[in-house]
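Here is a short briefing to keep beside your viewer. Please have the sequence and the model open as you read.

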Amino acid sequence: MTPARLLPWATPDGNPCYLVGDGTSLVSRLADDVEAVLLDQAAELIGEARRFLRERTWTSGELQLMAVELTEALTATHRVAESRGARIPVPDDDPQNSGSPSAR
């Protein structure tokens, strides 16, 4: 059985969205594209934040906006990492697959 994929967007209520499939559907390809955009945006924001902090001339409003933008980017990046991590196959000889209490 194919595990459900955590999608990089949420419902209007903020709940996670999942997709079940083989990874070749239109929605799956769209999710791949959205993930790539989110990661690119996060990388750009990191550069912006570094420049911002290096200049040390920010106002409290600018600092608050940067914190909001960084939090949004980190949230999106975390969701992408969770989704991708859940799709990494675990080898059959991995001790975590054995089900023994010592492997957990």
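Predicted model: local features only at pLDDT ≥ 70, side-chain atom pairs only at ≥ 80, totals over all residues.

- Arg 5 sits in strand 1, which covers residues 5-10.
- Is Arg 5 buried or exposed? Its relative accessible area is 6%, so Arg 5 is buried, the cut-off being under 20%.
- A polar contact of 3.2 Å joins the side chain of Arg 5 to the side chain of Glu 35.
- Leaving aside residues up to four places away in sequence, Arg 5 touches several residues, among them Tyr 18, Ala 31, Asp 32 and Arg 87.

**Helix 1**
- Helix 1 runs over residues 26-55, a total of 30 residues.
- From first C-alpha to last, helix 1 reaches 44 Å, close to the 44 Å expected at 1.5 Å a residue.
- Its buried residues include Ser 28, Ala 31, Glu 35, Leu 38, Ala 42 and Phe 52.
- Strand 1, strand 2 (16-19) and helix 2 (60-86) are among the elements that cover the buried residues of helix 1.
- After helix 1 comes Arg 56, with a positive phi near 55°.

**The aromatic pair**
- How many aromatic pairs does a search of the whole structure find? It finds one.
- The ring centres of Phe 52 and Trp 58 are 5.4 Å apart and their planes are at 25°, so the pair is stacked.
- Phe 52 is buried, at 15% relative accessible area, whereas Trp 58 counts as partly exposed at 30%.

Definitions and conventions. Residues numbered from 1 in each chain as written. Heavy atoms only, no water. Helix = DSSP H or I, 4+ residues; strand = E, 2+ residues; numbered from the N terminus. Buried < 20%, exposed > 50% of the residue type's maximum accessible area, 1.4 Å probe, protein only. Polar contact = N/O pair within 3.5 Å; in protein donor to acceptor, adjacent residues only side chain to side chain. Contact = heavy atoms within 4.5 Å. Expected span 1.5 Å × (residues − 1). Phe/Tyr/Trp six-rings, centres within 6.5 Å; stacked < 30°, edge-to-face > 60°.
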